[in-house]
Amino acid sequence: MSDTPQMALRRKLSAMRFACWELHLFLDTHPNNCDAARRLEEYRQRLARATKEYEEQFGPLCELSTETSRWAWINGPWPWETEVDS
């Protein structure tokens, strides 16, 4: 089964959020590691760009999205309301 472009971008966002969280945890125990701090900032920037890309194409990801009204994120179909071709 191949991903739709929307699903592929959501997977990419999830992977980037995971990497940010792991780097954050690493820095909790290694606060002087400059390489990890640089990587965390790089991943945060990449995540911000990918989030913007997703929201431009598919709409807001959550209620905290800044480029839309407060309730716009729930206007689209929910995941179980869309059909996925196998």
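This is a predicted model: local features need pLDDT of at least 70, side-chain atom pairs count only at pLDDT 80 or more; totals for chains, interfaces and linings use all residues.
Helix 1 covers residues 5-29, and helix 2 covers residues 34-58. The length of helix 1 was checked against its residue count. At 1.5 Å a residue, its 25 residues should span 36 Å. The end C-alpha atoms lie 37 Å apart, which agrees with that expectation.

Helix 1 carries a set of buried residues: L9, L13, M16, A19, C20, L23 and L27. These residues pack against helix 2. An α-helix has 3.6 residues a turn, so residues three or four places apart point the same way.

The largest nonpolar core comprises 11 residues. Its members are L9, L13, M16, C20, L23, L27, A36, L40, L47, A50 and Y54. Helix 1 and helix 2 are the elements that give two or more residues to this core. Helix 1 gives the most, with 6 residues. Leaving aside residues up to four places away in sequence, L23 touches A36, R39, L40 and Y43.

C34, by contrast, has 49% relative accessibility, so C34 counts as partly exposed. A disulfide is a covalent bond between the sulfur atoms of two cysteines. The count of disulfides in the model comes to 0.

Conventions. Residues are numbered from 1 along each chain as its sequence is written. Side-chain values use heavy atoms; hydrogens and water are left out. A nonpolar core is a set of buried Ala, Val, Leu, Ile, Met, Phe, Trp, Tyr and Cys residues joined through side-chain atoms within 4.5 Å. Buried means under 20% relative accessible area, exposed over 50%, partly exposed in between (1.4 Å probe, protein chains only). Helices (H or I, at least four residues) and strands (E, at least two) are DSSP runs, numbered from the N terminus. Contact means heavy atoms within 4.5 Å. A disulfide is a pair of cysteine sulfur atoms within 2.5 Å. The expected span of a helix is 1.5 Å times one less than its number of residues.
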